[in-house]
Structures are given as C-alpha cells and as structure tokens.
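These notebook entries concern aromatic ring pairs. I set down what I looked up, entry by entry.

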Amino acid sequence: MNHPDNFGEQDEFDDIEYVSKSQIKKEMHELRDIGARLQELKPAHLEKLVLTERLKAALEEGRRIKSFNAKKRHLNFIGKLMRDQDVEPIQELLQRLDSQTEESARHFHQLERWRERLLTEGNAALTEYMDEYPQADNQYIRQLVRNVLKEQKENKPPAQNRKLFRYLREVSEDMKPAE
C-alpha cells in the first residue's frame, strides 16, 4: 500500500528483473552445450579464443575422460566454468566453423553431381561444365570419363572415378566459375 509521503517515488525493487528457475536451467544447459562443442574443437581453433586458464585446463582434461558418467559430470563442470566466460566470441567462432562446414559439404555435393552428370549425360553435361569452368581441360575430362566407364564395366575398384572427382575439385578450387 502506498503511503502519501512516498507517492510518485519509484520503489527500489521495481528495476529488478526476475528470472525463472527454468530459464536459469536453460541457460546452464546452453553453456554446457557450448562447452561440449569447445571440447570437440581442434587446439588451433581454441587458441583463437580468449579463455580462462581454468577453462582451458578443463577442456584439455575432458578429452582424456573415457567414462560416460565422468564425461557428463565434467561437462557440467565446464558449463559452470563457462559462466565466467564471455560467450559471444565463442558463439561467433562456432557459427563461422559451422557455416564453413556447411559450405564445404554443399561444394562437395555439387562436385559429386557434376561427376555423375558427366558419366551419365556425356557431351551435354561436359558442354555445361565447360561453360561454367572454361579453363578446365576438355580432353582430359573426356579421357577420365572414358576410363571411369571402362573401369565400371570391368567391375574394377573406383580409382579412375576418384581421379575424376579430384580433377573436378582442383578445377573448382583453382578457377573461379565464369560469371
């Protein structure tokens, strides 16, 4: 109940933001999951981050733990250590790594489609490929396609198939597609 003498004054507790127990648990689970992702990263990626010494040591220790229950407890500990960490740069690095992985997977699938089309559609696919990558060696691709088809016909191991894929990858990495 407001008293007339402090009417209009703001109560000192009005600015406090209340957080539910479930919200706190959700945030802790997110920190633990980020810690688990950090544990999977290569040391070169971890060096790019500013981490506390205690967190670095815990991440290194976590790689050595084999027992499922011990790993689970240790991940909870890492999540607790993550509270003292600035999480934003970590999330940015993880997002960048995820997008690079997605991009490389997309590129890999595109190369697989080109290889399959070159093997099944023949000259039509080769013409389209040469339009997109004009610097590629037309004759060499034809030779590789012939070798792959011969290899498949004779039920040999797919050495030529891999060679064709490697060449397509080299061309796509060395040369930019025609714009």
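Is tyrosine 129 buried or exposed? I found tyrosine 129 buried, at a relative accessible area of 0%; buried means under 20%, exposed over 50% and partly exposed in between, with a 1.4 Å probe and protein chains only.

I note that this is a predicted model, in which local features need pLDDT of at least 70, side-chain atom pairs count only at pLDDT 80 or more, and totals for chains, interfaces and linings use all residues. Residues are numbered from 1 along each chain as its sequence is written, and side-chain values use heavy atoms, with hydrogens and water left out.

I then looked up the aromatic pairs and found 4 in the structure. Rings of Phe, Tyr and Trp (its six-membered ring) pair if their centres lie within 6.5 Å; planes under 30 degrees apart are stacked, over 60 edge-to-face and the rest tilted.

Phenylalanine 108 and phenylalanine 165 are edge-to-face, because their planes stand at 65°, with ring centres 5.2 Å apart. I placed phenylalanine 108 in helix H5 (residues 87–121) and phenylalanine 165 in helix H8 (residues 159–174), so the pair ties together parts 57 residues apart in sequence. Helices are DSSP runs (H or I, at least four residues), numbered from the N terminus. Phenylalanine 108 is partly exposed at 39%, whereas phenylalanine 165 is buried at 8%.

Tryptophan 114 and tyrosine 129 also pair edge-to-face, at 5.1 Å centre to centre and 80° between the planes. Tryptophan 114 lies in helix H5 and tyrosine 129 in helix H6 (residues 123–132), so this pair links parts 15 residues apart in sequence. Tryptophan 114 is buried, at 6%. I recorded one aromatic cluster formed by Trp114, Tyr129 and Tyr133.

Conventions. Helices (H or I, at least four residues) and strands (E, at least two) are DSSP runs, numbered from the N terminus.
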